[in-house]
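Hi,

Here is the structure I said I'd pass on. Have a look at it first, then read my notes below.

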Amino acid sequence: MSIHKFPHNFLWGAATASYQIEGAWNEDGKGESIWDRFSHTPGKITNADTGDVACDHYHRYTEDIALMRTLGLKAYRFSTAWARVFPSGRGCINTKGLDFYDRLVDAMCAANLEPFLTLYHWDLPQALQDQGGWTNRNTAYAFADYAAVMTKCLGDRVRNWTTFNEPSVITFIGNLTGEHAPGIKDTKISYQVAHNLNVAHGLGVQAIRSANSKVNAGIVLNLWMAEPATEATQDVEAANNFWDVNETLFLDPIFKGFYPPAVYEAIGEKMPEIKDGDLALIAQELDFVGINYYSRNVISASGKMNKIPGSAYTEMGWEVCAPALRRMLVKINSEYKLPPIYITENGSAFQDTISSDGKIHDPERTDYLRQHFIQTHLAMQDGVDIRGYMVWSLLDNFEWGHGFSKRFGMVRVDYETQKRTIKDSGEWYAEVIRTNQVRE
Ligand code: GCO
(Lines give C-alpha, C1' and ligand atoms only; values in the text may rest on other atoms or scores of the structure.)
Protein backbone atom coordinates (compact mmCIF):
# COMPACT_ATOMS: atom_id res chain seq x y z
CA MET A 1 0.00 0.00 0.00
CA SER A 2 1.62 3.28 -1.04
CA ILE A 3 1.50 6.42 1.06
CA HIS A 4 1.26 9.93 -0.34
CA LYS A 5 3.06 12.32 2.01
CA PHE A 6 2.23 16.02 1.50
CA PRO A 7 4.61 18.97 2.10
CA HIS A 8 4.78 19.96 5.76
CA ASN A 9 3.09 23.34 5.17
CA PHE A 10 0.33 22.01 2.91
CA LEU A 11 -2.86 23.87 3.81
CA TRP A 12 -5.71 21.44 4.46
CA GLY A 13 -9.08 23.15 4.84
CA ALA A 14 -12.75 23.19 4.01
CA ALA A 15 -15.00 25.56 2.09
CA THR A 16 -18.47 27.05 2.42
CA ALA A 17 -20.35 30.05 1.02
CA SER A 18 -22.44 32.79 2.62
CA TYR A 19 -25.84 32.14 1.07
CA GLN A 20 -25.46 28.39 1.46
CA ILE A 21 -24.88 28.37 5.23
CA GLU A 22 -25.48 31.73 6.94
CA GLY A 23 -29.26 32.12 7.06
CA ALA A 24 -30.31 35.38 8.82
CA TRP A 25 -31.35 36.47 5.33
CA ASN A 26 -32.95 39.73 6.49
CA GLU A 27 -31.42 40.16 9.95
CA ASP A 28 -29.39 43.01 11.42
CA GLY A 29 -29.85 45.31 8.46
CA LYS A 30 -28.86 42.89 5.69
CA GLY A 31 -30.28 43.83 2.28
CA GLU A 32 -32.00 41.40 -0.08
CA SER A 33 -29.75 39.44 -2.43
CA ILE A 34 -30.62 37.93 -5.80
CA TRP A 35 -30.57 34.51 -4.14
CA ASP A 36 -33.09 35.64 -1.53
CA ARG A 37 -35.31 36.81 -4.38
CA PHE A 38 -34.70 33.72 -6.50
CA SER A 39 -35.32 31.19 -3.71
CA HIS A 40 -38.49 33.06 -2.68
CA THR A 41 -39.77 32.74 -6.26
CA PRO A 42 -42.08 29.72 -6.57
CA GLY A 43 -40.81 26.87 -8.73
CA LYS A 44 -37.10 27.75 -8.66
CA ILE A 45 -35.79 25.54 -5.85
CA THR A 46 -36.39 21.85 -5.08
CA ASN A 47 -38.94 21.39 -2.27
CA ALA A 48 -39.34 25.22 -2.23
CA ASP A 49 -36.26 25.33 0.03
CA THR A 50 -34.66 28.71 0.74
CA GLY A 51 -31.49 29.99 2.39
CA ASP A 52 -33.57 31.99 4.90
CA VAL A 53 -32.16 29.87 7.76
CA ALA A 54 -29.88 27.31 6.01
CA CYS A 55 -27.29 26.15 8.60
CA ASP A 56 -27.98 29.22 10.80
CA HIS A 57 -24.25 29.88 10.66
CA TYR A 58 -24.85 33.58 11.33
CA HIS A 59 -25.80 32.61 14.89
CA ARG A 60 -23.83 29.35 15.22
CA TYR A 61 -20.46 30.34 13.77
CA THR A 62 -18.59 29.77 17.02
CA GLU A 63 -19.93 26.19 17.14
CA ASP A 64 -18.91 25.65 13.52
CA ILE A 65 -15.43 27.00 14.12
CA ALA A 66 -15.15 24.64 17.09
CA LEU A 67 -16.01 21.83 14.65
CA MET A 68 -13.19 23.01 12.37
CA ARG A 69 -10.81 22.83 15.33
CA THR A 70 -12.03 19.32 16.13
CA LEU A 71 -11.25 18.29 12.55
CA GLY A 72 -7.85 19.98 12.83
CA LEU A 73 -8.40 22.18 9.76
CA LYS A 74 -5.54 24.54 8.90
CA ALA A 75 -7.65 26.86 6.73
CA TYR A 76 -11.25 27.87 6.15
CA ARG A 77 -12.58 29.20 2.86
CA PHE A 78 -15.74 31.26 3.31
CA SER A 79 -17.54 34.04 1.47
CA THR A 80 -19.01 37.33 2.62
CA ALA A 81 -22.51 38.46 1.71
CA TRP A 82 -22.20 41.79 -0.11
CA ALA A 83 -25.77 42.76 0.88
CA ARG A 84 -25.00 42.21 4.56
CA VAL A 85 -22.39 44.98 4.38
CA PHE A 86 -23.90 47.15 1.62
CA PRO A 87 -27.69 46.51 1.82
CA SER A 88 -28.22 48.46 -1.41
CA GLY A 89 -24.99 47.26 -3.02
CA ARG A 90 -23.26 50.61 -2.67
CA GLY A 91 -23.39 53.73 -0.52
CA CYS A 92 -24.13 53.36 3.17
CA ILE A 93 -22.48 50.54 5.09
CA ASN A 94 -24.43 48.32 7.48
CA THR A 95 -22.04 48.24 10.44
CA LYS A 96 -23.82 45.23 12.01
CA GLY A 97 -23.03 43.25 8.86
CA LEU A 98 -19.40 44.29 8.91
CA ASP A 99 -19.23 43.51 12.63
CA PHE A 100 -20.40 39.94 11.95
CA TYR A 101 -17.49 39.30 9.59
CA ASP A 102 -15.12 41.03 11.99
CA ARG A 103 -16.21 38.63 14.77
CA LEU A 104 -16.12 35.65 12.40
CA VAL A 105 -12.55 36.40 11.31
CA ASP A 106 -11.47 36.97 14.91
CA ALA A 107 -12.88 33.55 15.82
CA MET A 108 -10.99 31.95 12.90
CA CYS A 109 -7.74 33.55 14.02
CA ALA A 110 -8.33 32.41 17.61
CA ALA A 111 -8.74 28.88 16.22
CA ASN A 112 -5.49 29.15 14.19
CA LEU A 113 -7.44 28.85 10.95
CA GLU A 114 -5.98 30.57 7.86
CA PRO A 115 -8.94 32.54 6.43
CA PHE A 116 -9.56 32.41 2.67
CA LEU A 117 -12.16 35.06 1.90
CA THR A 118 -14.28 35.03 -1.26
CA LEU A 119 -15.89 38.40 -1.86
CA TYR A 120 -18.51 37.16 -4.31
CA HIS A 121 -20.03 33.70 -4.17
CA TRP A 122 -23.09 34.56 -6.25
CA ASP A 123 -25.25 36.60 -3.84
CA LEU A 124 -25.43 39.99 -5.57
CA PRO A 125 -27.46 42.68 -3.74
CA GLN A 126 -30.90 42.72 -5.39
CA ALA A 127 -30.78 46.53 -5.54
CA LEU A 128 -27.90 46.25 -8.02
CA GLN A 129 -29.75 43.59 -10.02
CA ASP A 130 -32.63 46.05 -10.26
CA GLN A 131 -30.13 48.35 -12.04
CA GLY A 132 -29.05 45.62 -14.49
CA GLY A 133 -26.81 43.54 -12.28
CA TRP A 134 -23.78 42.16 -14.09
CA THR A 135 -25.13 43.28 -17.46
CA ASN A 136 -24.47 46.80 -16.18
CA ARG A 137 -20.75 47.64 -16.22
CA ASN A 138 -21.28 50.01 -13.26
CA THR A 139 -21.79 46.97 -11.03
CA ALA A 140 -18.09 46.26 -11.51
CA TYR A 141 -17.27 49.60 -9.88
CA ALA A 142 -19.64 48.92 -6.99
CA PHE A 143 -17.86 45.57 -6.54
CA ALA A 144 -14.49 47.32 -6.35
CA ASP A 145 -15.83 49.68 -3.65
CA TYR A 146 -17.14 46.67 -1.69
CA ALA A 147 -13.76 44.93 -2.09
CA ALA A 148 -11.93 48.00 -0.80
CA VAL A 149 -14.10 48.33 2.32
CA MET A 150 -13.82 44.63 3.17
CA THR A 151 -10.06 44.63 2.70
CA LYS A 152 -9.63 47.76 4.84
CA CYS A 153 -11.71 46.14 7.61
CA LEU A 154 -10.38 42.56 7.54
CA GLY A 155 -7.08 42.72 5.63
CA ASP A 156 -5.07 42.89 8.85
CA ARG A 157 -6.16 39.29 9.63
CA VAL A 158 -7.28 37.88 6.26
CA ARG A 159 -4.28 37.36 3.98
CA ASN A 160 -5.97 35.53 1.11
CA TRP A 161 -8.61 37.34 -0.94
CA THR A 162 -10.61 35.93 -3.82
CA THR A 163 -12.65 38.25 -6.04
CA PHE A 164 -15.10 35.72 -7.54
CA ASN A 165 -16.14 32.14 -7.12
CA GLU A 166 -16.75 30.40 -10.44
CA PRO A 167 -17.54 33.30 -12.81
CA SER A 168 -18.52 30.74 -15.47
CA VAL A 169 -21.37 29.47 -13.28
CA ILE A 170 -22.50 33.04 -12.58
CA THR A 171 -22.39 33.64 -16.33
CA PHE A 172 -24.03 30.56 -17.78
CA ILE A 173 -26.18 29.04 -15.02
CA GLY A 174 -27.37 32.46 -13.89
CA ASN A 175 -27.76 34.15 -17.26
CA LEU A 176 -28.02 31.47 -19.98
CA THR A 177 -29.79 28.41 -18.55
CA GLY A 178 -31.49 30.48 -15.86
CA GLU A 179 -31.22 27.70 -13.26
CA HIS A 180 -29.48 30.06 -10.84
CA ALA A 181 -30.22 33.63 -9.79
CA PRO A 182 -31.07 35.97 -11.42
CA GLY A 183 -32.65 33.39 -13.78
CA ILE A 184 -31.89 35.11 -17.12
CA LYS A 185 -31.87 33.01 -20.31
CA ASP A 186 -30.06 35.04 -22.96
CA THR A 187 -26.81 34.15 -24.76
CA LYS A 188 -25.77 37.71 -25.63
CA ILE A 189 -26.46 38.90 -22.08
CA SER A 190 -24.48 35.99 -20.68
CA TYR A 191 -21.34 36.90 -22.64
CA GLN A 192 -21.60 40.56 -21.63
CA VAL A 193 -21.97 39.36 -18.02
CA ALA A 194 -18.82 37.26 -18.47
CA HIS A 195 -16.85 40.25 -19.68
CA ASN A 196 -18.19 42.55 -16.97
CA LEU A 197 -17.23 39.93 -14.36
CA ASN A 198 -13.72 39.85 -15.83
CA VAL A 199 -13.58 43.65 -15.61
CA ALA A 200 -14.92 43.54 -12.04
CA HIS A 201 -12.23 41.00 -11.16
CA GLY A 202 -9.52 43.35 -12.45
CA LEU A 203 -10.97 46.36 -10.64
CA GLY A 204 -11.45 44.22 -7.51
CA VAL A 205 -7.81 43.11 -7.45
CA GLN A 206 -6.69 46.73 -7.82
CA ALA A 207 -9.04 47.78 -4.99
CA ILE A 208 -7.83 44.97 -2.71
CA ARG A 209 -4.20 45.88 -3.28
CA SER A 210 -4.71 49.62 -2.85
CA ALA A 211 -6.52 48.92 0.43
CA ASN A 212 -3.80 46.60 1.71
CA SER A 213 -0.68 45.93 -0.35
CA LYS A 214 0.36 43.03 1.88
CA VAL A 215 -2.53 40.64 1.14
CA ASN A 216 -2.72 37.95 -1.54
CA ALA A 217 -5.27 38.36 -4.32
CA GLY A 218 -6.70 35.63 -6.51
CA ILE A 219 -9.78 34.19 -8.18
CA VAL A 220 -11.52 30.80 -8.02
CA LEU A 221 -12.29 29.08 -11.33
CA ASN A 222 -14.24 25.84 -11.77
CA LEU A 223 -12.71 23.75 -14.51
CA TRP A 224 -14.21 20.55 -15.91
CA MET A 225 -11.54 18.65 -17.84
CA ALA A 226 -12.74 17.92 -21.41
CA GLU A 227 -11.67 14.48 -22.60
CA PRO A 228 -12.34 12.57 -25.84
CA ALA A 229 -14.72 9.60 -25.79
CA THR A 230 -12.22 7.70 -27.94
CA GLU A 231 -8.78 8.38 -29.39
CA ALA A 232 -10.40 8.93 -32.80
CA THR A 233 -9.21 12.22 -34.33
CA GLN A 234 -12.70 13.68 -34.56
CA ASP A 235 -13.35 12.96 -30.86
CA VAL A 236 -10.00 14.40 -29.80
CA GLU A 237 -10.62 17.54 -31.88
CA ALA A 238 -14.15 17.86 -30.45
CA ALA A 239 -12.87 17.59 -26.89
CA ASN A 240 -10.13 20.16 -27.50
CA ASN A 241 -12.63 22.54 -29.05
CA PHE A 242 -15.08 22.00 -26.18
CA TRP A 243 -12.38 23.02 -23.70
CA ASP A 244 -11.29 25.99 -25.87
CA VAL A 245 -14.84 27.36 -26.05
CA ASN A 246 -16.05 26.54 -22.54
CA GLU A 247 -13.14 26.63 -20.12
CA THR A 248 -11.05 29.54 -21.39
CA LEU A 249 -13.47 32.48 -21.04
CA PHE A 250 -11.81 33.49 -17.76
CA LEU A 251 -8.52 31.56 -17.82
CA ASP A 252 -7.30 33.25 -21.02
CA PRO A 253 -8.10 36.93 -20.38
CA ILE A 254 -6.87 36.63 -16.78
CA PHE A 255 -3.67 34.70 -17.47
CA LYS A 256 -2.97 35.50 -21.18
CA GLY A 257 -4.56 38.92 -21.59
CA PHE A 258 -6.96 38.06 -24.46
CA TYR A 259 -10.06 36.06 -25.32
CA PRO A 260 -9.10 32.99 -27.37
CA PRO A 261 -10.03 32.84 -31.08
CA ALA A 262 -12.24 29.79 -30.38
CA VAL A 263 -14.53 32.00 -28.30
CA TYR A 264 -14.78 34.68 -31.00
CA GLU A 265 -15.50 31.95 -33.60
CA ALA A 266 -18.08 30.27 -31.37
CA ILE A 267 -20.09 33.32 -30.42
CA GLY A 268 -19.52 35.74 -33.30
CA GLU A 269 -21.80 38.74 -33.07
CA LYS A 270 -22.67 37.82 -29.45
CA MET A 271 -19.16 38.86 -28.37
CA PRO A 272 -19.45 41.39 -25.55
CA GLU A 273 -18.60 45.06 -25.82
CA ILE A 274 -14.93 45.33 -24.81
CA LYS A 275 -13.63 48.79 -24.00
CA ASP A 276 -10.07 50.00 -24.61
CA GLY A 277 -7.89 48.96 -21.70
CA ASP A 278 -10.23 46.24 -20.46
CA LEU A 279 -7.94 43.33 -21.33
CA ALA A 280 -4.97 44.87 -19.55
CA LEU A 281 -7.18 45.63 -16.56
CA ILE A 282 -8.44 42.02 -16.40
CA ALA A 283 -4.94 40.50 -16.55
CA GLN A 284 -3.82 41.71 -13.13
CA GLU A 285 -0.99 39.57 -11.84
CA LEU A 286 -2.37 37.24 -9.15
CA ASP A 287 -0.81 35.76 -6.03
CA PHE A 288 -2.76 32.51 -6.29
CA VAL A 289 -5.50 30.84 -8.29
CA GLY A 290 -8.17 28.61 -6.78
CA ILE A 291 -9.34 25.65 -8.83
CA ASN A 292 -12.67 23.96 -8.15
CA TYR A 293 -12.87 20.46 -9.58
CA TYR A 294 -15.73 17.99 -9.41
CA SER A 295 -15.64 15.96 -12.59
CA ARG A 296 -14.95 15.98 -16.32
CA ASN A 297 -16.83 16.27 -19.60
CA VAL A 298 -16.41 13.36 -22.00
CA ILE A 299 -16.80 14.62 -25.55
CA SER A 300 -17.32 12.82 -28.84
CA ALA A 301 -17.73 14.32 -32.30
CA SER A 302 -21.49 14.04 -31.75
CA GLY A 303 -21.42 15.93 -28.44
CA LYS A 304 -21.10 15.51 -24.67
CA MET A 305 -21.62 11.97 -23.38
CA ASN A 306 -24.04 11.65 -20.49
CA LYS A 307 -23.07 8.28 -19.05
CA ILE A 308 -19.66 6.61 -19.19
CA PRO A 309 -19.93 2.82 -18.98
CA GLY A 310 -18.26 1.50 -15.84
CA SER A 311 -17.98 4.87 -14.09
CA ALA A 312 -19.40 5.68 -10.65
CA TYR A 313 -21.57 8.78 -10.24
CA THR A 314 -22.38 11.08 -7.33
CA GLU A 315 -25.87 12.22 -6.30
CA MET A 316 -25.36 15.23 -8.60
CA GLY A 317 -25.05 12.86 -11.58
CA TRP A 318 -21.35 13.77 -11.89
CA GLU A 319 -18.93 11.05 -12.96
CA VAL A 320 -16.29 10.19 -10.35
CA CYS A 321 -13.05 10.60 -12.31
CA ALA A 322 -10.15 11.61 -10.10
CA PRO A 323 -7.40 10.99 -12.73
CA ALA A 324 -8.95 13.76 -14.84
CA LEU A 325 -8.14 16.18 -12.01
CA ARG A 326 -4.46 15.37 -12.41
CA ARG A 327 -4.65 15.59 -16.20
CA MET A 328 -6.42 18.97 -16.00
CA LEU A 329 -3.89 20.38 -13.51
CA VAL A 330 -0.97 19.23 -15.68
CA LYS A 331 -2.70 20.70 -18.75
CA ILE A 332 -3.29 24.19 -17.33
CA ASN A 333 0.17 24.16 -15.72
CA SER A 334 1.71 23.60 -19.17
CA GLU A 335 -0.54 26.04 -21.05
CA TYR A 336 -0.62 29.02 -18.65
CA LYS A 337 1.88 30.92 -16.51
CA LEU A 338 0.03 30.32 -13.25
CA PRO A 339 0.63 31.52 -9.70
CA PRO A 340 0.50 28.92 -6.92
CA ILE A 341 -2.68 26.84 -7.01
CA TYR A 342 -5.11 25.89 -4.24
CA ILE A 343 -7.74 23.26 -4.82
CA THR A 344 -10.48 25.49 -3.44
CA GLU A 345 -13.35 23.04 -3.88
CA ASN A 346 -13.61 19.31 -4.35
CA GLY A 347 -16.16 17.01 -2.80
CA SER A 348 -19.19 14.88 -3.46
CA ALA A 349 -22.85 14.50 -2.65
CA PHE A 350 -24.07 11.09 -1.66
CA GLN A 351 -27.21 9.91 0.12
CA ASP A 352 -26.43 9.77 3.86
CA THR A 353 -28.21 7.68 6.44
CA ILE A 354 -27.87 7.86 10.19
CA SER A 355 -27.00 4.36 11.42
CA SER A 356 -28.28 2.83 14.63
CA ASP A 357 -25.09 3.94 16.39
CA GLY A 358 -25.93 7.56 15.50
CA LYS A 359 -22.99 7.74 13.12
CA ILE A 360 -23.05 8.58 9.43
CA HIS A 361 -21.02 5.99 7.60
CA ASP A 362 -20.24 7.60 4.23
CA PRO A 363 -17.54 5.44 2.60
CA GLU A 364 -18.29 6.75 -0.89
CA ARG A 365 -17.56 10.33 0.16
CA THR A 366 -14.34 9.24 1.90
CA ASP A 367 -13.22 7.25 -1.13
CA TYR A 368 -14.01 10.17 -3.46
CA LEU A 369 -11.74 12.41 -1.38
CA ARG A 370 -9.02 9.78 -1.08
CA GLN A 371 -8.88 9.33 -4.85
CA HIS A 372 -8.74 13.08 -5.51
CA PHE A 373 -6.13 13.74 -2.83
CA ILE A 374 -3.95 11.06 -4.41
CA GLN A 375 -4.33 12.53 -7.91
CA THR A 376 -3.48 15.97 -6.51
CA HIS A 377 -0.33 14.56 -4.95
CA LEU A 378 0.60 12.96 -8.29
CA ALA A 379 0.05 16.32 -10.04
CA MET A 380 2.40 17.92 -7.51
CA GLN A 381 4.97 15.28 -8.39
CA ASP A 382 4.36 16.22 -12.05
CA GLY A 383 5.55 19.72 -11.11
CA VAL A 384 2.26 21.52 -10.43
CA ASP A 385 2.64 24.02 -7.56
CA ILE A 386 -0.32 23.20 -5.33
CA ARG A 387 -0.29 24.75 -1.87
CA GLY A 388 -3.52 23.55 -0.26
CA TYR A 389 -6.91 21.83 -0.51
CA MET A 390 -10.33 23.05 0.66
CA VAL A 391 -12.86 20.23 0.75
CA TRP A 392 -16.38 21.07 -0.35
CA SER A 393 -17.92 21.17 2.09
CA LEU A 394 -17.52 21.53 5.83
CA LEU A 395 -21.29 21.33 6.36
CA ASP A 396 -24.26 19.99 4.45
CA ASN A 397 -25.78 23.17 3.05
CA PHE A 398 -28.15 24.86 0.57
CA GLU A 399 -27.14 23.39 -2.80
CA TRP A 400 -28.59 26.16 -4.96
CA GLY A 401 -31.40 24.90 -7.23
CA HIS A 402 -31.34 21.54 -5.44
CA GLY A 403 -32.09 23.17 -2.09
CA PHE A 404 -31.16 20.90 0.82
CA SER A 405 -31.70 17.70 -1.17
CA LYS A 406 -27.99 17.23 -1.90
CA ARG A 407 -25.57 16.74 0.98
CA PHE A 408 -21.85 17.58 0.38
CA GLY A 409 -20.82 18.02 3.99
CA MET A 410 -18.24 16.15 6.01
CA VAL A 411 -20.51 17.25 8.85
CA ARG A 412 -24.21 16.42 8.68
CA VAL A 413 -26.68 19.19 9.45
CA ASP A 414 -30.13 18.27 10.74
CA TYR A 415 -32.03 21.26 9.36
CA GLU A 416 -34.90 20.77 11.83
CA THR A 417 -32.71 20.91 14.93
CA GLN A 418 -29.50 22.42 13.47
CA LYS A 419 -27.62 19.55 15.15
CA ARG A 420 -24.22 18.97 13.63
CA THR A 421 -22.77 15.40 13.38
CA ILE A 422 -19.29 14.69 12.04
CA LYS A 423 -19.54 11.96 9.40
CA ASP A 424 -16.98 9.17 8.99
CA SER A 425 -15.52 11.18 6.06
CA GLY A 426 -14.85 14.05 8.46
CA GLU A 427 -13.11 11.73 10.92
CA TRP A 428 -11.04 10.29 8.07
CA TYR A 429 -10.11 13.79 6.85
CA ALA A 430 -9.02 14.75 10.38
CA GLU A 431 -6.58 11.82 10.31
CA VAL A 432 -5.27 12.86 6.87
CA ILE A 433 -4.60 16.34 8.27
CA ARG A 434 -3.01 14.98 11.47
CA THR A 435 -0.66 12.68 9.55
CA ASN A 436 -0.40 14.91 6.46
CA GLN A 437 -0.59 11.82 4.29
CA VAL A 438 -3.03 9.69 2.33
CA ARG A 439 -2.91 5.92 2.06
CA GLU A 440 -3.85 4.33 -1.27
C1 GCO B 1 -19.89 25.37 -7.04
C2 GCO B 1 -20.09 26.22 -5.91
C3 GCO B 1 -20.58 25.55 -4.66
C4 GCO B 1 -21.45 24.31 -4.88
C5 GCO B 1 -20.59 23.06 -4.98
C6 GCO B 1 -21.44 21.83 -5.26
O7 GCO B 1 -18.75 24.99 -7.27
O8 GCO B 1 -20.87 25.13 -7.73
O9 GCO B 1 -18.88 26.87 -5.60
O10 GCO B 1 -21.32 26.59 -4.08
O11 GCO B 1 -22.33 24.16 -3.82
O12 GCO B 1 -19.70 23.17 -6.02
O13 GCO B 1 -22.14 22.00 -6.46
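The lining of the largest cavity is made up of 10 nonpolar, seven polar and no charged residues. (Ala, Val, Leu, Ile, Met, Phe, Trp, Tyr, Cys and Pro count as nonpolar, Asp, Glu, Lys and Arg as charged, and the others, Gly among them, as polar.) Before you go on: this is a predicted model, where local features need pLDDT of at least 70, side-chain atom pairs count only at pLDDT 80 or more, and totals for chains, interfaces and linings use all residues. Residues are numbered from 1 along each chain as its sequence is written, and side-chain values use heavy atoms, with hydrogens and water left out.

A cavity here is a set of points, on a 1 Å grid over the protein atoms alone, where a 1.4 Å probe fits but cannot get out; lining residues have an atom within 4 Å of a point. Points are joined across faces, edges and corners, and the volume is the space filled by probe spheres set on them.

The structure has four cavities of 30 Å³ or more, and the largest has a volume of about 100 Å³. It is lined by 17 residues, with Ile-34, Ile-170, Asn-175, Ala-181 and Pro-182 closest to its centre. Helix α8 (residues 167–175) gives the most to this lining, with four residues. (Helices, H or I with at least four residues, and strands, E with at least two, are DSSP runs numbered from the N terminus.)

The second largest cavity comes to about 80 Å³. Of its 13 lining residues, Ser-168, Asn-222, Leu-223, Glu-247 and Phe-250 lie nearest the centre. Here too α8 gives the most, with three residues, and its lining has seven nonpolar, four polar and two charged residues.

Most residues other than glycine have a negative phi, and most peptide bonds are trans. Ala-181 and Pro-182, though, are joined by a cis peptide bond with omega about 5°, and Pro-182 sits in the loop between α8 and α9 (187–211). Another cis bond links Trp-392 and Ser-393, with omega about 10°.

Trp-122 is buried, with a relative accessible area of 7% (buried means under 20%, exposed over 50%, partly exposed in between, with a 1.4 Å probe and protein chains only). Asn-436 has a positive phi too, near 55°, and is buried at 11%.

Cheers

Note on methods. 1 Å grid on protein atoms, 1.4 Å probe; cavity = no way out; pocket = protein on both sides within 12 Å on 5 of 7 lines; lining within 4 Å.
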